[in-house]
Amino acid sequence: MGIHKIEISSGILWVEVPEANLRVLCGCPADAVKHMAKRGLTLPQEIKGVSCEAGPNAILLSDTAIQNGEFANLAEFPVLQMLYKQGMILPGHPNNTGRKPLLIGAADQVYSQLRYIYRGNYGLVSLEEIMQTGVPEEQAREMMRLKLKFAFGRIQPTTDFIDTCVVGDGVIEIASGVNLRRVRPNVYEFSHAGDIVTVDLNLKPGVVYECAYPLGSRRFESEYFSVIHSGEGDGWDVNRPTMSSIITYQGKLYLIDAGPHLVDIMSALGIGIDQVDGIFHTHAHDDHFAGLTALMRAGRRIKYFATPLVRSSVAKKLAALLDVDEERFDDFFDIRDLVFDRWNDVEGLEVMPIFSPHPVETNIFVFRTLWGEGYRTYAHFADIVSLNILKAMVTDQHDKPGLDKLAYERVRAAYLAPYDLKKIDVGGGLIHGDAKDFRKDASTRILLAHRAGELTAEEKEIGSSAAFGTLDVLVEGQSEGMRRSAFAYLQANLPGVSLHDLRMLINHPITEINPGAIFLKEGETPQEILLLLSGQVEKIRTRDNIFGSLSAGSLIGDTATLDNRPSNHTYRASSFVRALRLPVTLYAEVIRRNGLQDRLRRVVDMRAFLNTTSLFSEGLPVEVLGQIVDGSTERHYEIGEGISGKDVQVINIIRSGFVERVVNGKVQDVLKQSDFFGEEEGILNVPALFQLRAIEETTTVQIHGDLLVNIPILRWKILENYQQRAARIVCREDQSESFTWSDACSIQVAEFDGHHQRLFDIANTIAKHLHNGSERKSLANAFESLVEYTHYHFSAEEKLMEFYGYPETDGHTRKHKDLICQVLEYRDQVLANDLPAKAGFTNFMEHWLVRHVLEEDRKYGAFLNEKGAN
């Protein structure tokens with residue numbers, strides 16, 4: 001029967017070996033389940049009289065967590081499809097044969113997915129975690145009781161219902177007679193009975209994961225207070241985006257949730273990511289969470305509004321998915337915590353978050369603004385649970401999972417309060433709402449959402465539905481916002497230009513460009529300059545693999561003011577676009593008489609150079625680019641010149657030449673044009689790990705970290721680049737499975753360097769036992785040594801940090817507690833005769849030794865050195 005391969009969508013494939021009963025979903029970005037459904041791979045079927053779906057029983061993960069700016073591995077919904085829609089976990093179901101869904105891939109991605117799925121299932125998993133968000137103990141106990149009811153009485157490790165298979169350098173058997181090997185990063189080869197199939201999960205430059213449903217294009221209109229309906233479906237609906245909304249208020253734009261394909265949704269609505277002022281987040285399930293990376297691609301940290309309870313749940317899931325520390329959440333977002341059951345003022349817009357019972361921490365929202373003789377209000381209820389399901393959870397036994405009658409009545413009253421506009425989750429089942437609960441709701445207008453398919457006749461009597469992109473205006477706007485925006489954008493592009501010149505420029509016509517239209521080709525000399533006011537524009541130069549996007553505030557064609565230079569790119573509208581049209585000669589004259597010719601040349605030159613670098617491939621907002629142009633300098637290095645001191649305290653991007661990176665006198669790699677260095681001290685605030693030397697005459701652009709530190713996607717790229725190099729160069733030598741101490745690991749405090757060397761030794765002993773299949777007693781003894789020495793080492797570190805007044809002692813101690821918990825889990829696993837996989841343990845130790853020792857410990861080492869400790 002052989003091996004069958006189907007290309008489902010960009011970055012998503014299907015490999016099936018019928019003889020081995022193996023069906024592998026290869027690649028699982030957002031909405032992979034919808035793509036499978038549209039290709040007929042999850043069709044309804046009946047097995048032994050039981051209705052269920054077909055589908056995969058294994059997932060092959062991408063080797064990288066993010067590709068071209070989007071999450072590459074989101075296994076939550078594909079796993080749910082296997083467990084529940086196929087019935088692999090349902091008691092008595094014919095598909096419940098003891099076989100579990102199988103996650104296949106690189107160790108870091110497999111174990112990252114296990115942690116991410118765990119948080120997606122349960123959110124916060126203990127009383128202590130809930131209380132750490134500021135919830136009083138009595139209320140936290142109520143929340144934990146409710147959570148356990150949704151979890152059927154027990155929070156289970158992910159490995160209870162998922163199997164894993166880590167792919168290393170060799171060939172592995174993933175099913176009976178089916179072998180798999182990695183040919184190169186993200187390219188895999190399946191073989192069975194002489195048949196061979198190759199799967200390439202890499203996205204080519206400029207290619208993104210395809211949206212699973214048609215969106216069309218809409219014209220964005222901003223009102224004083226309105227709601228744009230950006231999604232009414234659920235995580236299974238193949239025709240619509242998941243439930244979400246966009247609020248416009250006094251010219252500002254706020255998202256409610258960030259579901260899959262957020263960039264496509266925003267583009268279809270004619271809105272750029274950089275136009276978003278903030279996000280109100282309800283909870284961490286993927287259909288409300290998967291679009292967060294789109295917001296991380298903005299040129300600034302977008303404001304994040306939620307209660308600390310929800311924020312903590314989201315941060316833990318995002319940290320698991322990206323394989324970073326939870327504390328890094330505020331590297332990506334500007335956190336604005338909200339208080340439950342209270343009106344919180346958000347720049348004039350008032351918002352009240354309300355606790356909603358759900359398997360993970362959830363707050364629903366009510367928004368209001370003062371108008372006329374009172375308030376105009378909008379309620380966004382995602383996700384909620386049906387009142388019948390909730391009532392069945394009521395118990396007067398306070399030591400049992402569930403909730404008491406008073407809590408039920410409190411939730412019921414919150415759900416049924418009347419508002420001008422109310423959008424409701426009516427997805428049904430055990431964890432979603434029921435339209436019938438709102439039959440007598442006195443709200444002026446009710447919208448029913450969060451479900452797949454059409455409303456039933458009964459539901460149509462209760463509430464309305466909203467087509468994608470439609471608008472509910474609660475308060476009409478009376479001022480012309482487009483020209484106000486144009487004024488602000490021109491000020492950012494033309495700093496110091498006189499007020500009368502700006503007024504003259506914004507008096508020019510605003511034009512609309514249809515989606516898909518090319519309005520400037522590479523090589524053409526522009527006759528007018530366009531200031532983008534709304535919508536998104538693609539910037540393309542295929543010969544150099546340059547694919548970017550421009551959003552509001554960008555100037556297109558301004559190079560023509562410099563000696564009639566032709567365009568270096570082709571520009572194409574990817575949505576309805578509105579732009580201010582400015583004659584080239586007029587714009588050039590404004591530039592000349594305000595003395596901005598030299599600055600414009602620097603802007604054009606810097607923009608052209610940065611566009612060629614991987615670090616800045618996402619593009620930059622106008623104001624950020626301007627700050628970089630004004631604040632950056634060039635530095636020239638002679639052949640053989642060492643690079644140190646102030647030169648490694650800023651980001652250096654190589655314009656020409658080569659720089660070698662050295663550890664312990666050994667050249668590790670050579671950096672070339674468009675590569676960067678200096679991120680350790682310039683952005684990450686850790687001591688430099690490498691020594692650097694120019695091996696040719698080299699010129700770099702130096703940018704101070706303060707100009708880049710608040711750009712989330714840059715921080716993520718820089719952190720990922722640093723950690724990959726540190727793991728490859730410092731902890732694993734010659735790709736062996738053991739950990740090798742190097743002087744580069746030194747924190748310059750002799751006592752703790754000795755401790756770390758001892759930890760390396762213990763880690764190597766455990767890895768050797770796991771590799772050789774040693775008896776359980778030997779392995780248990782080795783883990784016991786790790787537990788004891790970890791306690792000893794952490795205690796000594798914490799005492800010295802406290803003695804010298806290290807300012808980050810509390811955060812460092814929290815990280816110690818997390819590491820100890822993981823070490824104890826491994827020890828207990830061994831004592832229960834459940835031996836951990838070697839790849840999982842080495843991955844854990846690599847994180848510990850690279851991320852904790854090389855980042856966190858070297859920070860306190862530098863601090864203690866300044867205090868005289870060494």
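**Local packing, sheets and cysteines in a predicted model**

V853 is buried, with a relative accessible area of 1% (buried denotes under 20% relative accessible area, exposed over 50% and partly exposed the range in between, for a 1.4 Å probe and protein chains only). The model is a predicted one, in which local features need pLDDT of at least 70 and side-chain atom pairs count only at pLDDT 80 or more, whereas totals for chains, interfaces and linings use all residues. Residues are numbered from 1 along each chain as its sequence is written, and side-chain values use heavy atoms, with hydrogens and water left out.

V853 belongs to helix α24, residues 838-866 (helices are DSSP runs of H or I with at least four residues, strands are runs of E with at least two, and both are numbered from the N terminus). When neighbours within four places in sequence are set aside, the contacts of V853 are C745, I747, H756, W848 and R858, a contact being defined by heavy atoms within 4.5 Å. Between V853 and L455, the C-alpha to C-alpha distance is 56 Å, at a sequence separation of 398 residues.

T42 is located in the loop between α1 (32-38) and β4 (44-47). Apart from neighbours within four places in sequence, T42 contacts M36, A37, E53, A54, G55 and Q81.

Two packed helices are described by the angle between their axes and the distance between the axes. For helix α17 (residues 597-610) and helix α18 (residues 622-631), the axes come within 10 Å and cross at roughly 110 degrees; axes are lines fitted to C-alpha atoms, for helices over the stretch in contact, with angles from 0 to 180 degrees between N-to-C directions. Helix α17 is therefore roughly perpendicular to α18 (65 to 115 degrees; angles under 35 count as roughly parallel, over 145 as roughly antiparallel and the rest as oblique). The contact involves R599, R602, V603, M606, R607 and L610 from α17, together with L625, G626, I628, V629 and D630 from α18. By class, the residues of this contact comprise six nonpolar, one polar and four charged, where Ala, Val, Leu, Ile, Met, Phe, Trp, Tyr, Cys and Pro are nonpolar, Asp, Glu, Lys and Arg are charged, and the others, Gly among them, are polar.

Strands of a sheet pair through backbone hydrogen bonds, either parallel or antiparallel. Five bridges join strand β31 (residues 537-541) to β32 in the antiparallel sense, and K539 stands opposite G548 in β32.

Another open sheet of four strands has the order β37-β42-β39-β40, and its pairing is antiparallel. Its edge strands, β37 (642-643) and β40 (666-671), each pair on one side only. Strand β39 (residues 659-663) pairs with β40 in the antiparallel sense over five bridges, and V659 is placed opposite L671 in β40.

The count of disulfides is zero, a disulfide being a pair of cysteine sulfur atoms within 2.5 Å. The cysteine sulfur closest to that of C26 belongs to C28 and is 10 Å away, too far for a bond. C26 is buried at 0% relative accessibility. C165 is likewise in no disulfide, its nearest cysteine sulfur, that of C26, lying 13 Å away. C165 is buried at 13% relative accessibility.

Key
Pairing = 2+ DSSP bridges.
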